[in-house]
Every structure is written in structure tokens, then in C-alpha cells.
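Let's take a walk through this model, one stop at a time. Keep the structure open beside the text as you read.

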Amino acid sequence: MSDSVTADRPRGAVRRHALAIVETAAILLLVILVTLVLCNSIGRYLFSRSLPWTEEIVTALLMWLGGLGITVAALRNGLISCAIWTSRLGVAAQNRLRIAQNLFGIATMAGLAWFAWQYLGIFGGDITPLIGMPKAVPISGIIGCAAGMSLAFVIDLIAPEDL
């Protein structure tokens, strides 16, 4: 893996299309988040009138942005790896290790999604104090993250490629 992994675009069509969708969603959420924070800051410092409800929305957006961000990294093969060790393996061993890692990742994300679903069932109906947004909105970002990461692992299983 090179230092420029985030600048390169994947060659595979499946990975490229999935990446385009996830990046577009992340950019949209980031623009909304920045706009809300800017409006709150301008209101607070220029007009001495903050917009406290924006903090509830920004919290939910941050959960989703974190999940989308790590999904982008996974789709670009940019997750932390121990290439210093795995590069010493033969091609067949590297392939077996890649398959094992992807299967382990899918199982781990399924576990995360299960526990997040259980948490959602307990606390998802609670509402935020200012705008009454269900706590399910930010909590579901964890499930979205697990789904996105699982998608990246499945894509790497069916259409492996080096960037």
C-alpha cells in the first residue's frame, strides 16, 4: 500500500460506484454540518443569539459522517494494515489472509450491527430535548457504519484489486 492510497481511484467498477455513492453522501452531510455550525457561530458571536437546536443535528451528523468516512477508507483499501509483515508472504498466503480478514470483518460488523440494534431498541425511542429528534437517528449511524464496512469487505471478496 502506498502513501498516496487516498488519491488513487479504484479500477473496479463495483468499488468505484460504491465509493462514488458513499463519498457523495459524506460530502452532502459535511456541507450540512459545516453550514449548521457556521450559522450557530455567526448567531452566537455576531447577534448574541445562538441556535442550540443545531447541536442536536450536528451530533447525529457526526455519527453518520464517522461511519461514511471509515467506509470510504475501506473502499479505497486505506484501512490500517501491517503491510510490513504481509508483504513478506507469498501471493497465495496473502490471498488467503485477505479472504480471512474480510470474513472476520464481516462477522465483526454483523456483531456490531446486532449490538447497535439492541441498543436502538432500548434507547431509540428517546427524543432529544430541543427538537424532539428520536435518538434512533444518531444511533442508526452505527448500523449504517456496520453496513458500509460489510459492503466494503464483500466487494473486496468478490472483486479484489490493488489500488
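Start at Ser-48, which sits in the loop between H1 and H2; helices here are DSSP runs of H or I with at least four residues, strands are E runs of at least two, and both are numbered from the N terminus. Ser-48 has a relative accessible area of 69%, so it is exposed (exposed means over 50% relative accessible area, buried under 20%, and partly exposed in between, using a 1.4 Å probe and protein chains only). Its backbone is worth a look too: the phi of Ser-48 is positive, at about 50°, although Ser-48 is not a glycine. Another residue with that kind of backbone is Asn-77, a non-glycine with a positive phi near 55°. Asn-77 lies in the loop between H2 and helix H3 (83-86).

A word on what you're looking at. This is a predicted model, where local features need a pLDDT of at least 70 and side-chain atom pairs count only at pLDDT 80 or more, while totals for chains, interfaces and linings use all residues. Residues are numbered from 1 along each chain as its sequence is written, and side-chain values use heavy atoms, with hydrogens and water left out. As for pLDDT (the predictor's confidence in each residue, from 0 to 100), the chain averages 88, and 93% of the residues score at least 70. Over residues 1-6 the pLDDT is below 50, and this stretch has 10 contacts in the model beyond near neighbours in sequence (a contact means heavy atoms within 4.5 Å).

Now to the helix on one side of our loop. Helix H1 covers residues 13-46 and holds Asn-40. Asn-40 counts as buried because its relative accessibility is 7%. Leaving aside residues up to four places away in sequence, Asn-40 touches Ser-50, Leu-51, Thr-54 and Glu-55.

How do the helices pack? Two packed helices are described by the angle between their axes and the distance between the axes. The axes are lines fitted to C-alpha atoms, for helices over the stretch in contact, with angles from 0 to 180 degrees between N-to-C directions. The axes of H1 and H2 come within 9 Å and cross at roughly 155°. That makes H1 roughly antiparallel to H2 (over 145 degrees counts as roughly antiparallel, under 35 as roughly parallel, 65 to 115 as roughly perpendicular, and the rest as oblique). The contact of H1 with H2 is made up of 22 nonpolar, 3 polar and 4 charged residues; Ala, Val, Leu, Ile, Met, Phe, Trp, Tyr, Cys and Pro count as nonpolar, Asp, Glu, Lys and Arg as charged, and the others, Gly among them, as polar.

Helix H2 (residues 53-75) also packs with H5, at an angle of about 5° and with the axes 8 Å apart. H2 and H5 are therefore roughly parallel. The contact of H2 with H5 has 13 nonpolar, 6 polar and no charged residues.

H5 (residues 136-158) has another partner in helix H4 (residues 91-123): the two pack at about 165°, with their axes 9 Å apart. H4 and H5 are therefore roughly antiparallel, and their contact divides into 20 nonpolar, 3 polar and 2 charged residues.

Finish at Arg-11, in the segment before H1. Arg-11 is exposed, at 59% relative accessible area. Its C-alpha atom is separated by 7.6 Å from that of Glu-161, 150 residues apart along the chain.
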